[in-house]
Amino acid sequence: KKQQPITAHDIAIAIGAEREVLPARPMSGARPILVFYHIPGDGDEAETPNVFPVLKPDGQVMLQDIRSKFPLPGTYHFRFKLRWGPDPLQVAWMDVTNEAAQVPLFDGKVVAKVTRISWESKAGALNGVPKAAAPKPPDVLSFDSPGLGPAPAPPAPAPAAPYPAPKDDFDMLFS
C-alpha cells in the first residue's frame, strides 16, 4: 500500500493545535510548506526533526517567513538542505542570512539545521542592527547590601612552614 504524504493539516490535528497553527480559512491559493528543522546544540537529531507549516500563496518561502513562524524564542542562524549536482544523493547545506532571500526546497519541503545564537529575541532588529540592550538583571546570588559597596578582598594565605629536609633516602621512602 502506497503511503500518503503527511500534510500540515495532519500535523496540526496530531498535535492538537489545528486552530492555532492553521487559519480557519486558508488564504486563496496558499499552500502549506512544511519546515522540518533540528537544533544539534539541543541534542536534536536530523532523523527525527521538529516541524511547523508556513502558508505561502506562491509557494516561495523567504527567510523572514521562517523567522516569523519559528516556534522557539531567541535568535537563530539557519542553514538549509539542498540538492547539489546531478546526483540525487549529493546534498549541501546553504547558509541564508538575507531576510528577503528565498530558502531552498528539498523534496518539496524546507529542511533546516538551526543554530541558537541567543535565547533573547531580536524583536526590533533589522538587517543585523539590534535593538537597545536591556539593563543587566541583578545577580541573584549577591548578598551585598546596595549601599555598602564591594566586599573586601579575603586576606592572603599565610606562607606554609617548610618541610624538614630528609636525612637520607631511607627516611624519604617510609615517611
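1. Basis of the model. This is a predicted model, in which local features need pLDDT of at least 70 and side-chain atom pairs count only at pLDDT 80 or more, while totals for chains, interfaces and linings use all residues. Residues are numbered from 1 along each chain as its sequence is written, and side-chain values use heavy atoms, with hydrogens and water left out.

2. Overall content. The secondary structure of the protein comes to four helices and five strands, where helices (H or I, at least four residues) and strands (E, at least two) are DSSP runs numbered from the N terminus. Read from the N terminus on, the elements follow the order α-α-β-β-α-β-β-β-α. Of the 175 residues in the protein, 22% are buried, a term that stands for under 20% relative accessible area, with exposed for over 50% and partly exposed for what lies in between (1.4 Å probe, protein chains only). Among contacts with a separation of 6 or more, 54% join residues 24 or more positions apart, contact being defined as heavy atoms within 4.5 Å.

3. The sheet. Five strands form an open sheet in the order S2-S1-S5-S3-S4, with mixed pairing; two strands are taken to pair if DSSP finds at least two bridges between them. Strand S2 (50-56) and S4 stand at the edges with a single partner strand each, so one side of each is left without a neighbour in the sheet. From one strand to the next the twist averages 35°, with axes fitted as lines to C-alpha atoms (for helices over the stretch in contact) and angles running from 0 to 180 degrees between N-to-C directions.

4. Pairings made by S5. S1 and S5 pair in the parallel sense over four bridges, and within S1 valine 35 stands opposite valine 110 in S5, while histidine 38 stands opposite lysine 113 in S5. Strand S3 (residues 75-83) and S5, by contrast, run antiparallel and are joined by six bridges.

5. Histidine 38 and its surroundings. Histidine 38 is found in strand S1 (residues 31-38) and counts as buried because its relative accessible area is 7%. Residues up to four places away in sequence aside, histidine 38 touches Asp44, Glu45, Ala46, Asn50, Trp93, Ala112, Lys113 and Val114.

6. Charges over rings. The charged end of lysine 113 sits over the ring of tryptophan 93, 4.6 Å from its centre, and that of arginine 116 sits over the ring of tryptophan 119, 3.6 Å from its centre. The criterion asks that NZ of Lys or CZ of Arg be within 6 Å of the ring centre and within 35 degrees of the ring normal.

7. Valine 103, neighbours within four places in sequence aside, is in contact with Val61, Met62, Leu63, Ile66, Phe80, Val96 and Val110.

8. Aromatic pairs. Rings of Phe, Tyr and Trp (its six-membered ring) pair if their centres lie within 6.5 Å, with planes under 30 degrees apart counted as stacked, over 60 as edge-to-face and the rest as tilted; by this rule there are six aromatic pairs. One of them, phenylalanine 70 with phenylalanine 78, is edge-to-face, at 5.3 Å centre to centre and 85° between the planes. Phenylalanine 70 is buried at 9% relative accessibility, as is phenylalanine 78 at 2%, and both belong to one aromatic cluster together with Tyr37, Phe52, Tyr76 and Phe80.

9. Two loop residues. Aspartate 107, in the loop between strand S4 (91-96) and strand S5 (110-118), has a phi near 55°, a positive value in a residue other than glycine, and is exposed at 52% relative accessibility. Serine 121 lies in the loop between S5 and helix H4 (169-174) and is partly exposed at 43%; its C-alpha atom is separated by 5.1 Å from that of threonine 75, 46 residues apart along the chain.
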